Amino acid sequence: MLNRKKIQDLMNEPGCATNQAKSEKERKKGCGKQLTPGAAAGGCAFDGAKIALQPITDVVHLVHGPIACEGNSWDTRHVGTSGPELYRRGFTTDLSNLDIVNGGEKKLYKAIKQAIAKHNPPAVFVYQTCVTALIGDDIAAVCRAATQRLGTPVIPVEAPGFVGSKNLGNRLAGEALIDYVIGTREPDDAGPTDINILGEYNVAGEMAIVKVLLERLGIRLRTAITGDARYNDVAAAHTARANMVVCSQALVTLARKMKERWGIPYFEGSFYGISDTSEALRAIASMLIERGAAPELMERTEALIAEEEAKTWAAMEPYRARLSGKRVLLYTGGVKSWSVIHALQEMGMEVVGSSVRKSTEADKQKALERLGGDEDKLVDSIAPRDMYAMFKEGRADIMLSGGRSQFVALKAKTPWLDINQERHHQYAGYQGMVTLVQQMDQALSNPIWEQVRRPAPWDIEE
Amino acid sequence: MPQSADKVKDHISLFKEPEYLELFAAKKAQFECRPTDEAVAAQAEYTKTWEYREKNFSREIATINPAKACQPLGAVFAAAGFEGSLPYVHGSQGCVAYFRSHLARHYKEAVPIVADSMTEDAAVFGGLNNIVEGLANAYKLYSPKMIVVSTTCMAEVIGDDLSAFIATAKEKESVPLDFPVPFAHTPSFVGSHTTGYDNQMKGILNYFWDREAQLTAKPGTKINIIPGFDGYSVANNREIKRYMAEMGVEATLLGDVSDVFDTPSDGEYRMYDGGTTLDDARDAINAKATIALQEFCSQKTLEYVETKGQQTASFNYPMGIGATDAFLMKVSELTGKAIPASIEKERGRLVDAITDSQAWLHGKKFAVFGDPDFCLSMAAFLMEMGAEPTHVLCTNGGKEWEEKAKALLASSPFGANGQVWAGKDLWHLRSLLFTEPTDFIIGSSYGKYLEKDTGIPLIRLTFPIFDRHHHHRFASFGYQGALRVLVEILDRVFEAADAASDISYDLTR
């Protein structure tokens, strides 16, 4: 079972710059935001664990709990696959009254057995939920027994909803991987240019863009953790020569532990924005060279960067005139913002604000430089009421954000572009930036905004 | 035998049985004398080229797959919208069977229309006897409150004079002298069903206002509304009446088919149900103004109404934001009644819905075909949402319509690449769709062949809709109607996105 210590350890991450910058006292409090009863909140730890692991495409994801935990989290993140579809199925033990009185362990075991018999997956992930944790079902023991008797790895994910935030759930998912999965398989094809990308979930299938870039450099992506991943690749992730951490708040602990255990160096980077993409490619190349890859990799990397950057700026050029002078508010969550700020400014747009909720100190510094040192433009979060006022007063022409703040913009008659996980376009890599600019242009030029801003024609004073 | 009493196959699967496949193959090989499959395929490919398109557009005589119907269809539609009214067609009964099936297939309702079944001798000696007998029989058999006479080509070619014939029939006591028998000459070889609607509506008003008795207008505060030929009339007329009630406007819908083509199943057959009362039609002369919802269905009628001293206004099918705005504001201006907050709220909800979905519609290309007024408002609504009406095709659109449509497209950047095709048919549209394809087609059920041929999804939004049920029971007029039209379009957009998706087969869109 989970203990407090494990959670505290997770919340005191030495690999996290934010955490290291804190005073001893603050660090003790941990980094999880305290939830405020009565205030609207985001997802729970279960949800965090589920979304972090569900992109593994070829395994059974079995939720041990009442129906709605699976029902509500079933395939809601648009994470793509290039092959297996098994991850899209909703498996659950669907506990009812009597199960809760008598305990659900037997039912769980039967469910595991049935799922293996029917689908023969390389592994089963079993998710703990609030109810089964409360009644004391020991899923770790059931999983151990099932692994031994059935011969298929069955991995317990101990992140019941009540232990904390969604972010904690992400981290607990990382723990499950390091405790049960990574390092359990020795591949016969480990090479000098293998890498992993951590915290990349293949939203809208955008890993395809990244993969093509890497392949052109002869770099093999062993696995993303966990976008479009196969179980056996994740199990062999410890043979990669370098790790790139994309969503650092979610899986930096995993990266640190992989470094400690197998000596895999890691860096934090992003594929959003032109300069960030180039930086990421350079960092991957130099890390691989340090670990023994041929030095000419860097020359090829620079050549690719030069070619792609030129192509991208050229492709974006037609939009410059249309976007120039438009004011944009970035409210981005996971997507690193400074590099996107840079690209938007190059398009002649004015960035009137940017959230740095999930950015590191270094990122914040870079973003601040880009924004001309104006601290007011850097915000942790904006209360919906203030955001609404901002649009009402016409201080921004468009907002890029996730679905949660969408309606604040829309009700304040301001165009909005989805750049979070419910988006349908790929914004990663060089090509993605062109798509972003195109989509922004469309959102801004749609005639409905004119309609939205005008009162009903009979209310206009002549 | 592929067919057995234990398991009867329907035609969808029956003809895929080996016996039939063999039979078809043998027939093809031995009797059809057709060119090779390769030659057929090559010719089919050729019909998709620009070269073929040019040949197709230089076609002068033949019309292939027209998107229009003939005058009497519009005439019987207009006639059906009055209380106890029996549409009566002077001419061949075959034509009338077409009108009845056309309307019945669309509305899924019984459509009573009678014909006086002219035969060879009538064609030689004139159709007077048919009218005399026909009116007498119809009056006795079906007890209508009014019989509205229109004509088919046959009667028009031989030059039957309805006015004189009906007068003679009344003298011969086919129907009582004071029994209303309005009429209109509606030859199929002139105009289309929209012209026929106009002629018949004018004929009915003319009967009540001038022929039955010489009425003098005493202008009041009411207004008249003429809906025009509209496949969504059942719900659209009710929506218009709801708007008028909300605004507190006293209005008479002239030719209100909303209950006529939507009778309940409660054990009673209603040959006549609802419709504008004859007294309301008489009193309509005293209205302050008459508004036509479809300009190209009402031009002659409005000219006639103006001679009675009324103000008139006409619209092009009030669907979409701007079109509904214009209609309501005109009503408000004419009646002095304000547009209430409840309607303003509906408007806001529509705008809100469009903002939610605009990204999915922006820049999508549409081909639109249908009646003149529908084409105009559909194109306008598409542009309001950021979509592009690439081809706007109207078989029964003339010069005036063409100019109006061009001006409309020129009014928005989203119409910049749009082309207007007046007087062209669906075979022309096929060439257009192969050479300059769009993302979607908007039109009637007849577009389904284009859909199958070109693979471009069809959105059914105008008369006739034979192969989908009950669309006419939900309004397309007004803000609520626009919302429904938006949803229909979006459904197809999302279906297309899902169908094309492998990696992005998403739960949420």
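Two strands pair if DSSP finds at least two bridges between them, and helices (H or I, at least four residues) and strands (E, at least two) are DSSP runs numbered from the N terminus. What you're looking at is a predicted model, where local features need pLDDT of at least 70, side-chain atom pairs count only at pLDDT 80 or more, and totals for chains, interfaces and linings use all residues. Residues are numbered from 1 along each chain as its sequence is written, while chains are lettered from A and ligands numbered from 1 in the order in which they are written.

**View 1. Strands S7 and S8 of chain A run parallel, joined by three bridges.** Here S7(A) covers residues 242–245, and Met244(A) has Phe267(A) in S8(A) as its bridge partner.

**View 2. An open, parallel sheet of four strands in chain A goes in the order S6-S5-S7-S8.** S6(A) and S8(A) (266–268) sit at the edges with a single partner strand each, so one side of each has no neighbour in the sheet. On average, and ignoring direction, neighbouring strands of this sheet are turned by 20° against each other. Helix H14(A) packs on the sheet, touching S5, S7 and S8 of chain A, and its direction makes about 160° with that of S7(A). For such angles, axes are lines fitted to C-alpha atoms, for helices over the stretch in contact, and the angles run from 0 to 180 degrees between N-to-C directions.

**View 3. Helix H11 of chain A (residues 207–216) has Met207(A), Val210(A) and Leu213(A) as its buried residues.** They're on the same side of H11(A), because they cover an arc of only 125° around the axis; that arc is taken from the directions from the helix axis to the C-beta atoms. Buried means 20 or more other C-beta atoms within 10 Å of the residue's own, exposed means 12 or fewer, and partly exposed is in between, with C-beta atoms placed from the backbone. On the face turned away from the buried side you'll find the exposed Val212(A) and Glu215(A). The cover over the buried residues includes S5 (194–200), S6 (220–226), H14 (274–290) and H20 (429–445) of chain A. Just after H11(A), Gly218(A) takes a positive phi of about 75°.

**View 4. Chain B has an open, parallel sheet of three strands in the order S2-S1-S3.** S2(B) (114–115) and S3(B) (146–151) are the edge strands, each pairing on one side only. S1(B) (residues 85–90) pairs with S3(B) in the parallel sense over six bridges, and Leu86(B) stands opposite Ile147(B) in S3(B).

**View 5. The largest nonpolar core has 133 residues.** A nonpolar core is a set of buried Ala, Val, Leu, Ile, Met, Phe, Trp, Tyr and Cys residues joined through C-beta atoms within 7 Å. Ile147(B), Cys375(B), Met378(B) and Ala379(B) have the most contacts inside this core. Helix H17(B) (residues 372–384) gives the most to it, with nine residues. Leaving aside neighbours within four places in sequence, Ala379(B) is in contact (C-beta atoms, placed from the backbone, within 7 Å) with Val368(B), Pro389(B), Val392(B), Leu408(B) and Leu409(B). Apart from this core lies another, of 119 residues, including Leu62(A), Ile219(A), Ala285(A) and Ala443(A).

Note on methods: Two residues are in contact if their C-beta atoms, placed from the backbone, lie within 7 Å.
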